[in-house]
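Me: Please show me how to read a model like this one, one feature at a time.

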Amino acid sequence: MEQEQQTPHKRRVRYKGKYPKKFEEKYKELQPEKYQDTIEHVIKKGNTPAGMHISIMVQEILDTLKIQPGETGFDATLGYGGHTKAMLACLNGQGHIYATDVDPEESAKTKKRLEELGYGEDILTIRLQNFCTIDEIAKEAGGFDFILADLGVSSMQIDNPKRGFSFKVDGPLDLRLNQEAGISAAERLDTITREELAGMLYENSDEPYCEELAKAITDEIRKGSRIDTTTKLREVIEKTLDFLPEKEKKDTIKKTCQRTFQALRIDVNREFEVLYEFMEKLPDALKPGGRVAILTFHSGEDKLVKKALKEGCRAGIYADYSKDVVRPSAQECAQNGRARSTKMRWAVRA
Ligand SMILES: C[S@@+](CC[C@H](N)C(=O)[O-])C[C@H]1O[C@@H](n2cnc3c(N)ncnc32)[C@H](O)[C@@H]1O
């Protein structure tokens, strides 16, 4: 008799209560191919399934970029690949998209996912590279007919506690888009001066309590207590703002946590520097008549993009650009809370 193949039994992830709460416990959401019903249910409730990213303003981007079969495009921020997939569909099998991301962990998963959908190297080239190297990629591609940049972080990165992006869950205070390069936010705090930290909080996220926070954080570190987890940083913020009246304390602490984490993320990933470089190189990467759409998520990014496009248009580099910002619909914001802060700007190369 043939021996029956023994596959080791894998125990279901254990969690307290009726539904899993922690990222790593959400085993159904983390296997979307197997649990499609769960994914649909989570999205319908206005949430993003663990390990997934819901692409923002997809239709508005496609309307702006007007992609035609045979064209060559660049997706500067691959992420989960939702926008890339929608743009690839417009090519209808003819043309090519180049895409970059600096996150080795997530871009490997996205590459595999898109390959399984039939988007191989013949139509899609994925590079683990910073989008500020757009000039090198444009040279290889012979210029682009369309370019998309959906700035910031993906939901997979925010929700994974090991990445340290969220003050809501405990994890190492890392905040790097690429955990294999550079230094973590905890390491950055180890040696930062009070003045430098106050400046960073103010410049990167307009933090009104930048002075108080910079003092509290650097005092804590000087006492020998490293701030190396998301919880420790949140606790210092809570203690520093404890003087606030009860009725505004909770909300202000939440907003201060958001701004502080954002400021550190911008710093460790040099987000303003690389965005500035990208905007400088953008005109030469676009073919005449080529179109670009850029999604930003905070005022610092938006100001930088707006200024570059406006000056470019004045100088005759762009034939047209978005005078007003384009926002996601109320319906999209209701379905996906993470879309609420999105602003889209576009331009057409002269
Ligand atoms: C908002 S997500 C993009 C989501 C994507 N559009 C989608 O539909 O799934 C932003 C992505 O850009 C990547 N990223 C951020 N800054 C980058 C940079 N300077 N160069 C390359 N990738 C970057 C992040 O790692 C993240 O995966």
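Reply: Helices H2 and H3 are oblique to each other; angles under 35 degrees count as roughly parallel, over 145 as roughly antiparallel, 65 to 115 as roughly perpendicular and the rest as oblique. Helices (H or I, at least four residues) and strands (E, at least two) are DSSP runs, numbered from the N terminus. This is a predicted model, where local features need pLDDT of at least 70, side-chain atom pairs count only at pLDDT 80 or more, and totals for chains, interfaces and linings use all residues. Residue numbers start from 1 along each chain as its sequence is written.

Me: At what angle do the axes of H2 and H3 cross?

Reply: Axes are lines fitted to C-alpha atoms, for helices over the stretch in contact, with angles from 0 to 180 degrees between N-to-C directions. Here, the axes of H2 (residues 58–65) and H3 cross at roughly 40 degrees and come within 11 Å.

Me: Which residues make the contact?

Reply: Contact means C-beta atoms, placed from the backbone, within 7 Å. H2 brings Val58, Ile61 and Leu62, and H3 brings His83, Ala86 and Cys90.

Me: How many residues surround the ligand?

Reply: A residue is near a molecule if its C-beta atom, placed from the backbone, lies within 6 Å. The ligand has 21 residues around it, the closest being Ser55, Thr77, Gly79, Tyr80 and Gly82. H3 (82–91) and strand S2 (96–101) each supply at least two residues of this shell.

Me: What does the model score?

Reply: Its ipTM is 0.99 and its pTM 0.90.

Methods. Contact = placed C-beta atoms within 7 Å.
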